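This report walks through selected features of one protein structure. Please look at the sequence and the model before reading on.

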Amino acid sequence: MKMPGKRLSYSTFAVAAGYPRMPLFIDTLMFIHNAGIDTAYLQVFASLGLALLENWSPGSTEGNRFLIRVGLIGLIVVLLLPVCFLKRITYTAVTNFIGLCLFLYAVAAGVIYCFTVDEQLGERFVGIPPTTTVWSILAVFPIFIFGYSCHFNLPQVAEDMVNRDMKKLTTTSVSSIVVAVIFYSLAMIAPYYAFGDTVESNFYLSLPVSNIAIHIGYIALPFAVLTAFPLLLFPARQSISSVITYYFPRLQDTLKLHIGTTVAFLVICTALAIIFEDLGATIQFIGIIGTNFLAFVIPCFVYLNICYTPVPDGATQGGLESSNELEAKDDDQHEETSLFCKLRKQSLEWHGALALFIISLIFFPLCLTGLINDLVSA
């Protein structure tokens, strides 16, 4: 699929599916989603910064912890300002690679430490902990959903792929998911192995800063945040600009729009990072509100419309004209039969997308309720 002058995205797919106004919803959701992730980055920077300051100068953060935390968040935002106000990011391959290496080092150091630690803290459960409820289980599902936060980049990856075919697309999709599952599994299992139920939502805060490898990780992660933050700001700004210019076309490509959307994004992320300190809760909300729709609901909905195989009326009503008994059947029964015939004509992939679409929609209110219940009862 190609659309002249436009990059492939869920928005272009939605237009092709016959929903020209759906991109407004998608772009708004993209802005919220990316703002949430960048908020998490600021939270990580602030929490690790506080831990480092406390390690370098014991007791220095006790009296003014909140103000120091605000200062750390403000510091990184100020450092990011020159990059954030650029109209586009170019030649970032080197910095992106460095940031990725820093992330990988920090996570690898933490995982290795957790699996090799001699003294194990906290209480472990083999099975379901006794305090577990249905709502507490639903509350953590968004964390797993969050693992697909970058899923919306797949259309662009597919478009840029050289000699693209289904085999290469399938290999890319499967391999990326397998790699993500491996890394996520290690990052989830290792902290609980070492610290049990005492582990922090940001598991790095459970690790001792006195350990040299971990200390380097504490320093590496904030620098990784510096490289990752703008990569989410730019598409978010582009998305919300599309929504604004839809209603106010005169603002298209204006400096006022560029500055306004950038400032709005930074203010929202900064305010949320200051108000909310729990990284786990932030990721949970992003997972169920943003990622669930961007990675599952919207793609499935668009796929169901684009790949639907029309069924001629004759295919579902072929025997009606020759049978008086069938003509006498109840209208509701006829509609059910017609729907069954239409569903039967669809492909296995289409039915899989339908199942995932329904499950994702059901998960949204259930997980959101579980998350709110978990926060209220905490």
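Is Ile26 buried or exposed? The residue is buried, because its relative accessible area is 2% and under 20% counts as buried. The model discussed here is a predicted one.

**Ile26 and its surroundings**

Ile26 belongs to helix α2, which runs over residues 22-56. Setting aside neighbours within four places in sequence, its contacts are Tyr10, Ser11, Ala14, Leu294 and Ile298. One of these, Ala14, is 12 residues from Ile26 in sequence, and the C-alpha atoms of the two are 9.2 Å apart.

**Nonpolar cores**

Helix α2 also matters for the count of core residues. The largest nonpolar core has 54 residues, and those touching the most other members are Leu42, Tyr204, Leu207, Tyr218, Phe229 and Phe265. Two or more residues each come from α2, α3 (65-84), α4, α7 (166-195), α8, α9 and α10. Of these elements, α2 gives the largest share, 14 residues.

Beyond residues up to four places away in sequence, Leu207 touches Gly110, Tyr113, Cys114, Phe195, Ile214 and Tyr218. Another core, of 20 residues, lies apart from the largest one, and its members include Leu8, Ala17, Met30 and Leu294.

**Aromatic pairs**

A pair of aromatic rings is described by the distance between the centres and the angle between the planes. How many aromatic pairs are there in this model? The count comes to 14. Two of them are set out below.

| Pair | Centre to centre | Angle between planes | Type |
|---|---|---|---|
| Tyr41 and Phe103 | 6.2 Å | 40 degrees | tilted |
| Phe293 and Phe364 | 5.1 Å | 75 degrees | edge-to-face |

Phe103 is partly exposed, with a relative accessible area of 24%.

Why does the pair of Phe293 and Phe364 tie together parts that are 71 residues apart in sequence? It does so because Phe293 lies in helix α10 (residues 279-306), whereas Phe364 lies in helix α14 (residues 348-377). Phe293 is buried at a relative accessible area of 14%, while Phe364 has 24% relative accessibility and counts as partly exposed. The cut-off for buried is under 20%, so the value of 14% puts Phe293 in the buried class.

Aromatic residues also occur in a group: Tyr19, Phe301 and Phe357 form one aromatic cluster. The charged end of Arg237 sits over the ring of Phe234, at 4.5 Å from the ring centre.

Leaving out neighbours within four places in sequence, Thr261 is in contact with Arg237, Ile240, Ser241 and Ile244. Thr261 is part of helix α9, residues 255-275. With a relative accessibility of 4%, Thr261 counts as buried.

What joins the side chains of Thr245 and Gln252? They are joined by a polar contact of 3.5 Å. Gln252 is also listed with Leu251 and Leu257 as touching Thr245, when residues up to four places away in sequence are not counted.

Where is Asp253 found? Its place is the loop between α8 and α9. The phi angle of Asp253 is near 60 degrees, a positive value in a residue other than glycine. Asp253 is exposed, because its relative accessible area is 69% and over 50% counts as exposed.

**Cysteines**

How many disulfides does a search of the whole structure find? The search finds 0. Cys300 has a relative accessible area of 7% and is buried. Cys341, at 12% relative accessibility, counts as buried.

Notes. Residues are numbered from 1 along each chain as its sequence is written. This is a predicted model: local features need pLDDT of at least 70, side-chain atom pairs count only at pLDDT 80 or more; totals for chains, interfaces and linings use all residues. Side-chain values use heavy atoms; hydrogens and water are left out. Helices (H or I, at least four residues) and strands (E, at least two) are DSSP runs, numbered from the N terminus. Buried means under 20% relative accessible area, exposed over 50%, partly exposed in between (1.4 Å probe, protein chains only). Contact means heavy atoms within 4.5 Å. A disulfide is a pair of cysteine sulfur atoms within 2.5 Å. A polar contact is a pair of N or O atoms within 3.5 Å; within protein, one must be able to donate a hydrogen and the other to accept it, and residues adjacent in sequence count only if both atoms are side-chain atoms. Rings of Phe, Tyr and Trp (its six-membered ring) pair if their centres lie within 6.5 Å; planes under 30 degrees apart count as stacked, over 60 as edge-to-face and the rest as tilted. A charge sits over a ring if NZ of Lys or CZ of Arg is within 6 Å of the ring centre and within 35 degrees of the ring normal. A nonpolar core is a set of buried Ala, Val, Leu, Ile, Met, Phe, Trp, Tyr and Cys residues joined through side-chain atoms within 4.5 Å.
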